[in-house]
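Reader: I'd like to go through this one with you and ask where the labels come from. Could you set each value against its cut-off as we go?

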Amino acid sequence: MAKRWLELLRENKRVAIVAACTIVFLVLLEDVLEGGLIKLDEAAYVLIVEHLRTDWLTPIMESISALATPVTLLVMLLLIVAFAPGRRPGACCALNLALVVVLNQVLKFLVQRPRPEGFRLAAETGFSFPSGHSMAAMAFFGLPIWMVWHYERDRAVRIGCSVALAALIVAVGVSRIYLGVHYASDVVAGFCVSLAWLAFYTRSVAPLFLGEAPVREAEAKNSD
């Protein structure tokens, strides 16, 4: 029975990802709409703001947070155009980012959660939930993870790039909590929305830009 469930999960992993992300997002949204801080926010504040903040770490966190700003993302987009695999990786990533930014603004307008007060290290405007930097990081850097994993033949390169980009996504989220411009629930919700979005985008849209992924030798042997 357990083996069968694992097989079903592998065969429907996109559905499982979307379902899990949706559930987490809705649970967080319900707590946010009820007002006040939730336990996740309080725990993250104690761990990250009270215990991690130091004079030497703050500039590093500011630099990490800047990785999800428009100027930096534009530079990285140009790098993707130059080096990423597939037919039109730049257009694929640009459309993905643009749609996620629109989605983030819509969600922020609907929820209208105020940003944290009293412990900010950076000036920010607009609403807080979900975190725009976190959504942009997950969408923008998550798509290259999928691209490299599906189009790169070298296994070491696939694993190395995926781990590095995944760490970068998490670091951007942590930096937003550290700087006091977002609650942890904003960050987690942003990650969930963009991860669910990527499950759809990489299935329905990305292949139109990038073409079919090459069949690797191991996969060909398994199919035989």
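Reader: What puts Trp197 and Phe200 about one turn of the helix apart?

Author: They both lie in helix H9, three residues apart. Helices here are DSSP runs (H or I, at least four residues; strands are E, at least two), numbered from the N terminus. Bear in mind that this is a predicted model, where local features need pLDDT of at least 70, side-chain atom pairs count only at pLDDT 80 or more, and totals for chains, interfaces and linings use all residues. Residues are numbered from 1 along each chain as its sequence is written, and side-chain values use heavy atoms, with hydrogens and water left out.

Reader: Why is the aromatic pair of Trp197 and Phe200 called tilted?

Author: Rings of Phe, Tyr and Trp (its six-membered ring) pair if their centres lie within 6.5 Å; planes under 30 degrees apart count as stacked, over 60 as edge-to-face and the rest as tilted. Trp197 and Phe200 are 5.5 Å centre to centre, with 50 degrees between the planes, so the pair is in the "rest" class, tilted. Ring pairs also link Trp197 and Phe200 with Tyr201 in a cluster.

Reader: What makes Trp197 count as buried, and what does Phe200 count as?

Author: Buried means under 20% relative accessible area, exposed over 50%, and partly exposed in between (1.4 Å probe, protein chains only). Trp197 has 18% relative accessibility, so it counts as buried. Phe200 has 43%, so it counts as partly exposed.

Reader: Which aromatic pair is edge-to-face?

Author: A search of the whole structure finds four aromatic pairs. Phe140 and Phe141 form an edge-to-face one, at 5.4 Å centre to centre and 90 degrees between the planes. Phe140 and Phe141 are both buried.

Reader: What is Phe140 in contact with, leaving aside its neighbours within four places in sequence?

Author: Contact means heavy atoms within 4.5 Å. On that basis Phe140 is in contact with Leu73, Met76, Leu77, Ile80, Asn96 and Leu97.

Reader: Which residues touch the most other members of the largest nonpolar core?

Author: A nonpolar core is a set of buried Ala, Val, Leu, Ile, Met, Phe, Trp, Tyr and Cys residues joined through side-chain atoms within 4.5 Å. The largest one has 56 residues, and Phe25, Phe129, Phe140, Phe141, Leu143, Tyr201 and Leu210 touch the most other members. Helix H7 (residues 132-151) gives the largest share of this core, eleven residues.

Reader: What links Asp41, Arg113 and Asp186?

Author: A network of salt bridges. The side chains of Asp186 and Arg113 meet at 2.7 Å, N to O. Asp186 is in helix H9 and Arg113 in the loop between H6 and H7, 73 residues apart. Asp186 is buried because its relative accessible area is 0%, and Arg113 is buried because its value is 7%.

Reader: How many salt bridges does the rule give?

Author: The count comes to three. One of them is between Glu124 and Arg176, the closest N and O atoms being 2.9 Å apart. Glu124 is in the loop between H6 and H7 and Arg176 in helix H8 (residues 155-178), 52 residues apart.

Reader: What do Glu124 and Arg176 count as?

Author: Glu124 is partly exposed because its relative accessible area is 26%, while Arg176 is buried because its value is 2%.

Terms used: Salt bridge = Lys/Arg side-chain N within 4 Å of Asp/Glu carboxyl O.
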